[in-house]
Amino acid sequence: MRSRKPYLTAITLILVISGAIANLPILFSASQVSAQTSQDRKAEADRLLLQGIKQFPTGQLEAVLQSWQQALKIYQEIKDRKGEGAALANLANAYKVLKDYPKIIECYKQYLPIARESKNRQGESDALFNIGLAYGSLQDYTKAIEYYEQGLPVTREIKDTQNEFYTLGNLGIAHLQLKNYRKAIEYEQQYLAIAREIKDRPRELQGLKALAFAYQGLSNFPKALEYSQQGLDIAKEIKDRNGEGQLQGLLSMLYVNLGYYPKAIASAQQSLAIAKEIKISEQEGYALENLGNIYVVLGDTSKAVEYYQQSLVIAQNIKNRNGEGTLLGNLGGTYAISGDYLKAIEYHEQKLAIAREIKDDLGELVALGNLGSSYMVLGNNPKGIDYYQQELTKARKIKDRFGEGAALRHFGDAYIDSGDYPKAIEHLQQALVIAQELKDTGSKNIALNSLGLAFYKQGNLTLAESNLIEAIKFQESLRLRAKGLEDIQKILLYDQQRSSYETLQQVFIAQKKTDAALEISERVRGRAFVELLASRIFSNPKEKLLTPPTIAEIKQTAKLQNATLVQYSIISDKFKVEGKIQFKESELYIWVIKPTGEVTFRKADLKPLWQKENTTFANLVTTSRQAIGARGTAFRGINVTYNPNAPKAKHNLKRLHELLINPIADLLPKNYDNKVIFIPQHSLFLVPFAALQDAEGKYLIEKHTILTSPSIQVLDLTRKQRQRLGTKPIQGKDTLIVGNPTMPFVAPKIDETPQQLTPLPGAEIEATAISKLLKTEPLIGNKATEPNVVKRLPQARFVHLATHGIFDDIQGLNSAIALTPSGQDDGLLTASEILDLKLNAEVVVLSACDTGRGRISGDGVIGLSRSLISAGVPSVLVSLWAVPDAPTARLMTQFYQNLQKNPDKAQALRQAMLTTMKTNPNPVDWAAFTLIGEAE
């Protein structure tokens, strides 16, 4: 859903700041004009002026206006400039009461030269401020800024601190409306400083709100959150319920951007409750809109549409045409996300009609751009280009350089899709010039990425490479400035930057620079994970600033691991399918790095999957899991039907083998004891590599010892973690074993009623058997409380948790291990809580459902495994689906028996799988577990 404003920003929550000058009439009496003279005309004018002044407090505005208009006409006829100025100033104040902003502007523009002629600096200051205020009320923020900036030096010269104060605030608001966020911050900081100096808490609140919106516009969400929370404290202190409601709405938007979805919903609901309490319909509409925005991000488009429709009804009832247009656009964007582009067009056309009716130029530009994009996706290029042309023409007509740049980028992308690369490059280069002129780094980055793609498609690989490298340098400079961001915030930032790295891989492969392509592939994955691990492993600040690995360092990692590394990169592209433009997986890049340092590149064609087999690579992974009976937990995950006899089970596993293993089979070690470490990407994190079958039906685990890692550099860091811990055999006193706790209650979804998880008697048998083997006591039932487990975790060298696992594929850090609630906690040990621990375990075995799952990102799987490794654990054994009780108990017992004989965890797991396979041949019973990190 493209928009000229940040998607989750409702700037209309901030009202234009008006000072006493705007609210109190400046009434000039006849004595201020001149003494009574014998001239009848002047006397008549003075009398009319005074008559209007007397009538003004009574509210007889028609009579007042008539008196002052007649007075003005006489003063102009007799060329009495002072009288003319007094009449104009009074008329302007009458028009303020009527909110007739064009008339206000007209009067003050005539008054301004009179004030300057008479060197009336105070009058000049007032006029400039009020003209700016009127233009702001008309949403002509460019003109408002022009007059405010003229007035600011005058206010400072005459030491009119009140006018200066309000001018600074309004300049900030005007720049905020135009998305000149840095300028807005500059003025609002000055405004805030004065508000604090004079201890004006309501104005301080206004400044904090404006700064919060500005920092949100710059995507500096932590800073925006800081100002929002300060503002909320003041709103509560001064009992400003409206301000409190607005800030709860803003906080909800920020929490969404930071990935804190339950907090976002809670704040939006508070905002809604306050709006209903104080009966401000417009605010209620904004709160409902925010809830719709949140559910769009959560992927629940039906719920989003429900909230948008409620908000739309309010906007229509209160005749808020601007809000109505925004909501129609949001509905259009939501239907586009759902793939219903015809419905999207219907709503965008309604938004366009309203924008034109109310002369909302920016809203019109957004609607035109979205209509163009919708028609382009539907394959109607002429119609799409027509809307883009209207967008460009409109932007140039209103001299909106930002909008012009956006329209040119739309043209560029459209011409790339149609294969007209010279035209694409022409438009994108123009867009780049505008972005540089505006110092708009975000738009510059988008233009560089698209230019890189256009040059690549054209076959100009040199220019493609240079543009993409420039884009990547800029993106990585943002990372250096993002040091203060939390881990999850970095993940969100880095995920937005992936496209340029993917295109650059294609460029390098086209140039046969396969090693360079591997460096770029590794450079884009697991970056936040690497930074988090480095910050915890190293004490030297320089060591913490790890740069992405070079090809030499990648080879060294393979050597130190004494393993064959296999790195996958899924490449997607745009294709026209059934008349529509769609993103589809096109190729799979595979690099094999042997312990000897030899690097080989291979690739597989993914297009036949959707061209001939009517599926996608991601769907193939999902159906392969479903076909063997792999089920996701019903809680916050995907609950699929168990079907162990599905006829296509073996075929799907073989098809995955054809794509993932066949291209590199000759490069893999012949000795099954030699380790193969797979570095997956995207849907590949859900692939049960152990169960992939070759043409003869032999499983991959029968031929190789297998591990995984989210990136090669993460693998190097887990090796350093393992070295820190040293070597020690398993002993009962060093272990923590949990089995079948008294289960907690869990809500299936964020806003649903909690249900108690079912008990797991098989997990209890498993924990008891392993405890006997290791000569220790397990924590069973009521003993397995969250506080007990958390207390013992940091001391344990070996951890085995046999219980329910809960994965959250939207908010990965909410993935959790189920434990017994103690009365002071919920019994859920979440990935977020684990992330804050400092562990010394050599291995953690999560013998539970879906513990290897979570939110899949460019950083890997955001969930339990990542948090455990970050907390200091070099080896984590996790499951990829809801594991069956009895076979899992056998497999785990066998794993520990093997581990007592051989400390190599990967080989112990392989032998346990082979043993379990004999009694339970279906892969669903033995192939769910994967070892992440170190084998030894």
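**Salt bridges and burial in a predicted model**

Visitor: Does Asp80 count as buried or exposed?
Guide: Asp80 has a relative accessibility of 14%. Buried means under 20% relative accessible area, exposed over 50% and partly exposed in between, with a 1.4 Å probe and protein chains only. Asp80 therefore counts as buried.

Visitor: On what basis are such values computed, and from which number does residue numbering start?
Guide: This is a predicted model, in which local features need pLDDT of at least 70, side-chain atom pairs count only at pLDDT 80 or more, and totals for chains, interfaces and linings use all residues. Side-chain values use heavy atoms, with hydrogens and water left out, and along each chain, as its sequence is written, residues are numbered from 1.

Visitor: With which residue does Asp80 form a salt bridge?
Guide: A salt bridge requires a side-chain nitrogen of Lys or Arg within 4 Å of a carboxyl oxygen of Asp or Glu. For Asp80, the closest N and O atoms of the pair are 2.9 Å apart. Asp80 lies in the loop between helix 4 (61–77) and helix 5 (81–98), and its partner in helix 3 (residues 40–55), so the pair ties together parts 38 residues apart in sequence; helices (H or I, at least four residues) and strands (E, at least two) are DSSP runs numbered from the N terminus. The partner, buried with a relative accessible area of 6%, is Lys42.

Visitor: What is the relative accessibility of Lys905, which forms a salt bridge with Glu842?
Guide: The closest N and O atoms of Lys905 and Glu842 are 2.9 Å apart. Glu842 is buried, with a relative accessible area of 4%. Lys905 also counts as buried, at a relative accessibility of 0%.
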